[in-house]
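Biologist: I would like to learn how to read the strands and helices of a model. Please take one feature at a time.

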Amino acid sequence: MSKAIRIHETGGPEVLRWEDVPVGKPGHGEVLLKHTAVGLNFIDIYQRTGLYPLDLPLTLGMEGAGVIEEIGKGVTGFEVGQRVAYAMQVGSYSEKRVIDTSKLIALPDDIEDLTAGAMMLQGMTAMYLLCRTYEVKTGETILVNAAAGGVGLILCQWANHLGATVIGCVGSEAKAELARAHGCAHTILYREEDVVKKVREITEGKGVPVVYDSVGKDTFDSSIDCLAPFGTMVNYGNASGPVEPFNPLMLGNKGSLFFTFQSLTIHCATRELLEDAANQLFGVVSSRAVKININQTFSLSDTAQAHRELESRETTGSTVLLP
């Protein structure tokens, strides 16, 4: 038996239970993985609340890092004792798990387990946003909402590395200071300042070619109004709730704009896509162009408190759960 955080019903953090679970033996193409670090992400909250419905009971968690303890039949390219990581595979809130090797990425020697556990989902998300969804170019000015969050800090650093000028929206001066230290040339306190007005001032009235938005409902209107003609609104999360239905004619009237919702699941759906995303992430982290900020750690058994702090926006950067 092993311990895991499971839910038997959707709801608030109180539905998270620390339970004994059977792990089993790895089957064909699978390994038994002992977690050393588990990432915390907003998608975990969406699943816990039922916004993203899954069959119950369920072990939550979408990313982790660890060491292979046992190998099933037919496994090639992996061995016992090897350090690996993964993302977008539900069930990481556990001490141990069986997982298919097609989802695993071998870790380079210079990437620590704690860093890997924090960065796979958020870092590969930043990669597909900047390099696939809208390819940021040198000299462009872009807008990042939730700039001091886990994905936000990676986005800001990576975009700065690509030669972009980054405007970051944040909720407090402390978060603004953090964002400026990680690639933001300009910060906007969205609770105190008019975001659209500030963006237009910074861009001399032009607007930005792209907005990266994980907040959703609360920021949709202002994000749209910050865009230059033919600009792209990239929604990749729903921290404030999903974007409400809108008439597509609005996009034409406001400048022939583009709107897209992106998912890491699709961007890592094939081995080729997964390895490309992971290798690009490893490259910018190993070169120190991007630093993974682990600003909170919790025992895995204290996951409910970690969820409370993430939901209340008390956290910055990445949070890691320690089995």
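Modeller: Start with a right-handed β-α-β unit, made here by β10, helix α4 (residues 173–180) and β11. Right-handed means that, with the strands pointing away from the viewer, the path from the first strand over the helix to the second runs clockwise. Helices (H or I, at least four residues) and strands (E, at least two) are DSSP runs, numbered from the N terminus.

Biologist: What sort of model is this, and how are residues numbered?

Modeller: The model is predicted; local features need pLDDT of at least 70, side-chain atom pairs count only at pLDDT 80 or more, and totals for chains, interfaces and linings use all residues. Residues are numbered from 1 along each chain as its sequence is written, and side-chain values use heavy atoms, with hydrogens and water left out.

Biologist: In what order do the six strands of the open sheet lie?

Modeller: Strands of a sheet pair through backbone hydrogen bonds, either parallel or antiparallel. Here the order is β11-β10-β9-β12-β13-β14, with parallel pairing; two strands pair if DSSP finds at least two bridges between them. β11 (184–189) and β14 (258–261) are the edge strands, each with a single partner, so one side of each has no neighbour in the sheet. On average, neighbouring strands are turned by 20° against each other, direction ignored.

Biologist: How many bridges join β9 to β10, and how many join β10 to β11?

Modeller: Strand β9 (residues 141–144) is joined to β10 (residues 165–170) by four bridges, and L143 has I167 as its bridge partner in β10. Between β10 and β11 there are five bridges, also in the parallel sense; there C169 is partnered by I188 of β11.

Biologist: How do α1 and α10 lie relative to each other?

Modeller: Two packed helices are described by the angle between their axes and the distance between the axes. The axes of α1 (residues 42–49) and α10 (residues 303–311) come within 10 Å and cross at roughly 105°. The two are therefore roughly perpendicular (65 to 115 degrees; axes are lines fitted to C-alpha atoms, for helices over the stretch in contact, and angles run from 0 to 180 degrees between N-to-C directions). F42, D44, I45 and R48 of α1 meet H307, L310 and E311 of α10; contact means heavy atoms within 4.5 Å.

Biologist: Is S318 buried or exposed?

Modeller: S318, in strand β16 (residues 318–322), is buried, with a relative accessible area of 2% (buried means under 20%, exposed over 50%, with a 1.4 Å probe and protein chains only). Leaving aside neighbours within four places in sequence, its contacts include A118, Q122 and G150.

Note on methods: Angles under 35 degrees count as roughly parallel, over 145 as roughly antiparallel, 65 to 115 as roughly perpendicular and the rest as oblique.
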